[in-house]
Amino acid sequence: MRRLDFKDHRRDLDRNRYVYAVVSRRARGLSIGVNLNPDKVCNFDCPYCQVDRTTPGASPRIDVGVLAGELEQLLERAGGDLWGRAPFDSVAPELRRVADIAFAGDGEPTTPPEFPAAARAARETRDLLAPGVPLRLLTNATLFHKPKVHAGLAEFDELWCKLDAGTETYFQLVDGTRLPFRRILDNLLLLARERPIVIQAMLLTVDGQGPDDAEIAAWVERMREIVAGGGRIDYVQVYTVARKPSDPRCGPLDPARLEQIAGAARAAGLRASVYA
Ligand code: SF4
């Protein structure tokens with residue numbers, strides 16, 4: 001029998017359209033995922049992305065009723081028969097808990113027009129069936145300035161926001177977009193002034209080269225600017241590629257360098273940890 005462990009991120013749960021379950025190394029338990037991008041379209045094109053875009057996606061339309069039903073069913077099963085079926089029957093007993101519900105899928109979750117309604121439906125279902133479980137949004141922060149997206153953010157307990165770079169040039173390299181870096185920084189500040197945010201930084205090598213010290217200093221400076229501007233950063237997650245990325249030029253940074261980078265963030269007064 002194949003063991004479900006931290007490396008096994010299979011999503012095929014009874015052919016659900018939007019809701020899936022993975023055992024998450026970061027959350028230390030079952031992470032229930034909500035994929036609002038079944039079409040696999042994203043406004044970033046990160047070379048380290050692990051979404052398989054060699055096969056076509058599904059319709060971009062989100063049926064919020066179906067999504068809520070899938071979430072309800074999975075939360076109910078997580079309290080019972082889920083752990084008796086493969087592959088979940090091989091999960092270690094201490095991980096047999098729902099750690100979070102996270103909007104994280106095959107693209108940027110805030111892009112579909114149904115995002116606010118989906119967020120609300122997920123929050124209501126969570127309140128009813130799993131009140132202690134955090135509802136998280138993993139986002140690239142590109143659309144926080146849009147009123148409808150901004151309204152939807154209020155449904156989440158935690159916002160985990162991507163910040164992989166400190167300079168525009170490096171941002172374009174590692175996030176594969178022509179969207180202005182300034183917009184992401186402005187959006188991070190906008191939200192961080194309203195509530196604490198979590199920063200997620202994917203740091204990696206491209207063609208064998210990781211970010212140099214100047215890039216890391218700039219990355220720390222961008223976060224320092226958020227704090228100086230009145231924003232709150234709860235903590236910083238430093239991580240690297242753990243599974244095969246779509247672009248073979250990408251590779252993991254070594255643990256010592258990741259620790260050094262987290263240390264640079266800590267030296268600026270931020271809470272930072274490496275998530276290997
Ligand atoms: S933002 Fe996320 S889903 Fe989009 S390309 Fe980057 S890693 Fe992939």
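Rings of Phe, Tyr and Trp (its six-membered ring) pair if their centres lie within 6.5 Å; planes under 30 degrees apart count as stacked, over 60 as edge-to-face and the rest as tilted. The model is predicted: local features need pLDDT of at least 70, side-chain atom pairs count only at pLDDT 80 or more, and totals for chains, interfaces and linings use all residues. Residues are numbered from 1 along each chain as its sequence is written, and side-chain values use heavy atoms, with hydrogens and water left out.

**View A. F44, F171 and F181 form one aromatic cluster.** The count of aromatic pairs comes to five. In one of them, F44 and F171 are edge-to-face, at 5.7 Å centre to centre and 75° between the planes. F44 lies in the loop between strand 2 (29–34) and helix 1 (64–78) and F171 in helix 4 (residues 168–175), so the pair ties together parts 127 residues apart in sequence; helices (H or I, at least four residues) and strands (E, at least two) are DSSP runs numbered from the N terminus. F44 and F171 are both buried (under 20% relative accessible area, with exposed over 50% and partly exposed in between; 1.4 Å probe, protein chains only).

**View B. Helix 6 (residues 213–228) packs against helix 7 (residues 255–267).** The angle is about 40° and the axes are 9 Å apart; axes are lines fitted to C-alpha atoms, for helices over the stretch in contact, and angles run from 0 to 180 degrees between N-to-C directions. D213, I216, W219, V220 and M223 of helix 6 meet R257, I261, A264 and A265 of helix 7 (heavy atoms within 4.5 Å).

**View C. C250 is buried, at 9% relative accessibility.**
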